[in-house]
Amino acid sequence: MATPAVRMFRRLEGLFCVYKPSGVHWKLVRDSIETNLLKVLNATPSQPLPQEVRFLAQPSTETEAPKGLTLSATSVPVLSKHPLVSGPEFQNIQVGVGHRLDAFSSGVLVLGVGNGNKTLNDLYRTRVTRDYTLEGEFGTATDDFTHTGGVVERSTYEHITQDKLERVLAMLEGANQKALLMYSNVDMRSQEAYEMAVQGLLGPEGKSAPILTGLRCIHFQPPNFILEVQCLNETQKYLRKVVHEIGLELRSTAVCKGIRRTRDGLFTLQDALTRHHWTAADITQAIRQYHSSKKHRKRSQSPAKKPALKTSEDVTATQQNEANEEAATRWFFFVLFIWLDHTFLGDAPHIRPILFI
Amino acid sequence: MGSGHCICSYATLSKASRPQEKSSAGPVFQYVGQNKKPTPKVFVWGFSFTGALGIPSFVVPDSGRKKPRKYQLTPYRLETAEQISSAACGYGFSLIASSTKDASKLWGMGLNKDSQLGFQRTQHSRHQSYDYVLEPSPVALPLVNPLQTRVLQVACGRAHSLVLTDREGVFSMGNNSYGQCGRRIVEDEVYSGSHIIHNIEGFAGRVVQVACGQDHSLFLTETGKVLACGWGADGQTGLGHHNISSSPVEVGGDLSGVEVQQISTYGDCSLAVSRDGQLFGWGNSEYRQLASVTEATQINSPRHLPLKGCGKVVQAACGGTQVAVLNDKGEVFVWGYGILGKGPNLSESSTPEVIPSTLFGRSQFNPSVAVTRIRCGLSHFAAVTDRGELFVWGKNVRGCLGIGKRDDQYFPWRVTVPGQVVDVACGVDHMVAMAKSLL
């Protein structure tokens, strides 16, 4: 029999994303969300204590010598199930973190609760790209590539024009496109390699060196500039190093002033919850939104199994869609099972159908 | 899903860079001034034992410990005295030229057994010429005004080369057994160690482009007329017969009255592109290069090639067995026989096949990448995009593709050249690329 707390927990299982502010370790974010959820879960009204029949010796009121023990059946509450004895129902909940963000960066951080962690594992394994906005400044080079680090060198930047920056970015993009082909495990002499290359599906499976699949400058006002990158298998330190190297290529120096992740897989800034919304109610709503959008996506994807390369203005790349397809079927089944679980089997959580693929 | 450039209302840009204590003691370095121009560079790669790469240490190592490098599989910088504006690769030799007015404006390296690089005096004897030139050595052109004339373009064939100047016409050197040098054929002429560099006469107007096939030569005048000389057994001279022609004769056929803007040849097939975007071809068609107009194996007179779906042709490039054209939208069409660039399954086609632009770097972030230059070697292709990237595909003969491996490449592959590529010349087993630095 599921308690109201357990029912609420079922509604909380899934994936959602938060906006991690900069200057904060990701673990603090995860811990505070877990604390908030636990507070609400344990505040649900507890069920009334079950009663049990115990044979207790009644204290005799008459002043007659007790010949034997007289026991009478009384219904007493089961004290061992009292929350003050057994502790709160939920001591901790599994809140997992997707692709991590270091303390200097900010942006979308995907978290999973309960059964959502299994989907998080799949997210980790599929080839999903992430979008970042990098803010840089010319003129300084520091030891940790950020504007707060120790200054190593200062140099002039008056010679830098947007045209030169575009040329350097084009060169970097070319090198990264080549890296995409080099790290893919497909035999280049096969027809399959050619077809995948035409559709843009060639890429590394699993771990590889960081690769920037897209790079462009969206704002240029010397000494400041903002780049938008789309990358695979990256770390934020690598992205800061990219800003530093762009400065070197331009025969000057550059530091990174800020990194913001604007998209992780299918979670964008629009869906991210800010600090004041890290409450159970908002999280439940975000998870509900995630589940419904998953259903919609599966329904729209099934008639066209292999969509042709579309030039959508949307940044969620088709190549990432294609890569997700393989895992999407797996996700779908997980989501289906979670949905089924919630609506039909909410009262008997232990009879869950095992629909693992 | 949000697009990347719109920042949400609740997420603000990070505050303006906080004023760091600018330590006045620290120096500020200036590496480059505002007026710095990009540095021109030349890169070579491919088979080096003929000396065609111009790097002697590959053939004769500097120290006893080093080994000779037979194949240079990635681009290697060739140091040149002047900025090179034109380069051409022949069958085992290369010519590079600068558009300067100085006395040395043309250098040659590689095979010189037919004096295709002119007379290269040896150190030991002034009557002998080197058979293999390992370093870019100046070619002494017999110019009337050596300090006024500029070299516009060079072209190399199997054993002959052509040099186009701006004021003194065309010079030819090398083998003339089939009249490809545009001069009278001499019986039993010995070409090795020959001093003859011939200034070709017989042009009605000024020549603006030259092209060398295997054993024939094509010339394009400023009025749009094409002249040809040399071997004609496959009809590659386009003069209506299969005989040798030892002086340039104007080609007719479908080209009469047409203004041609570009000619191209490297094997036994020749192509011409007219000013209004039409393509004309003649010569060898054994590999279905001209199959759109004929089933015969040769055509000896230019025929107009109706290309469906190609649009307006701006450039054509012709190899040994394959043909590529570029249209005004920057799309590349290929046909013929061999590795055409659409995977191993397409090994021959008689109609133009477009190569998808995603293979040349077109993506969501760069939707407008277009190819600006297309060149053909004997069995491979090279394409230069407007972003300065070089893509190659085809048979990797002795490492001529420059991709770092000796495998054939069945679809366009980027060559990592340190700089932006301006132009490229393709030979049989080596390539020369002219690039400029990024900044």
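Predicted model: local features only at pLDDT ≥ 70, side-chain atom pairs only at ≥ 80, totals over all residues.
Buried means under 20% relative accessible area, exposed means over 50%, and partly exposed is in between, with a 1.4 Å probe and protein chains only. Residues are numbered from 1 along each chain as its sequence is written, chains are lettered from A and ligands numbered from 1 in the order in which they are written, and side-chain values use heavy atoms, with hydrogens and water left out.

A:Val53 sits in strand 2 (residues 51-57) of chain A; strands (E, at least two residues) and helices (H or I, at least four) are DSSP runs, numbered from the N terminus. Together with A:Phe55, A:Leu69 and A:Leu71, A:Val53 makes a nonpolar patch on the surface, with about 480 Å² of accessible area in total. Patches take residues with over 30% relative accessible area and no salt bridge, joining nonpolar side chains (Val, Leu, Ile, Met, Phe, Trp, Tyr) within 5 Å and like charges within 9 Å. The areas themselves come from the Shrake-Rupley method with a 1.4 Å probe, and for residues only the protein chains shown count as cover.

Next come the salt bridges, each a side-chain nitrogen of Lys or Arg within 4 Å of a carboxyl oxygen of Asp or Glu. Over all chains the count comes to 25. In one of them, the side chains of A:Asp102 and A:Arg240 meet at 3.0 Å, N to O. A:Asp102 is in the loop between strand 4 (95-97) and strand 5 (106-113) of chain A, and A:Arg240 is in helix 7 (residues 236-249) of chain A, so this pair ties together parts that are 138 residues apart in sequence. A:Arg240 is buried at 8%, while A:Asp102 is partly exposed at 24%. Another salt bridge joins A:Glu205 to A:Arg127 (3.3 Å, N to O). Here A:Glu205 is exposed, with a relative accessible area of 57%, but A:Arg127 counts as buried at 14%. Over in chain B, B:Lys395 and B:Asp408 also form a salt bridge (3.3 Å, N to O).

Rings of Phe, Tyr and Trp (its six-membered ring) pair if their centres lie within 6.5 Å, and planes under 30 degrees apart count as stacked, over 60 as edge-to-face and the rest as tilted. The whole structure holds 17 such pairs over all chains. B:Phe29 and B:Tyr31 have ring centres 6.1 Å apart and planes at 15 degrees, so they are stacked. Both B:Phe29, at 38%, and B:Tyr31, at 45%, are partly exposed. B:Phe381 and B:Trp393 are stacked too, because their centres are 5.1 Å apart and their planes are at 15 degrees. B:Phe381 is buried at 0% relative accessibility, and B:Trp393 is likewise buried at 0%.

B:Arg406 lies over the face of B:Tyr71, at 3.9 Å from the ring centre, and B:Arg398 lies over the face of B:Phe47, at 5.4 Å.

Methods. Lys NZ or Arg CZ within 6 Å of the ring centre and 35° of its normal.
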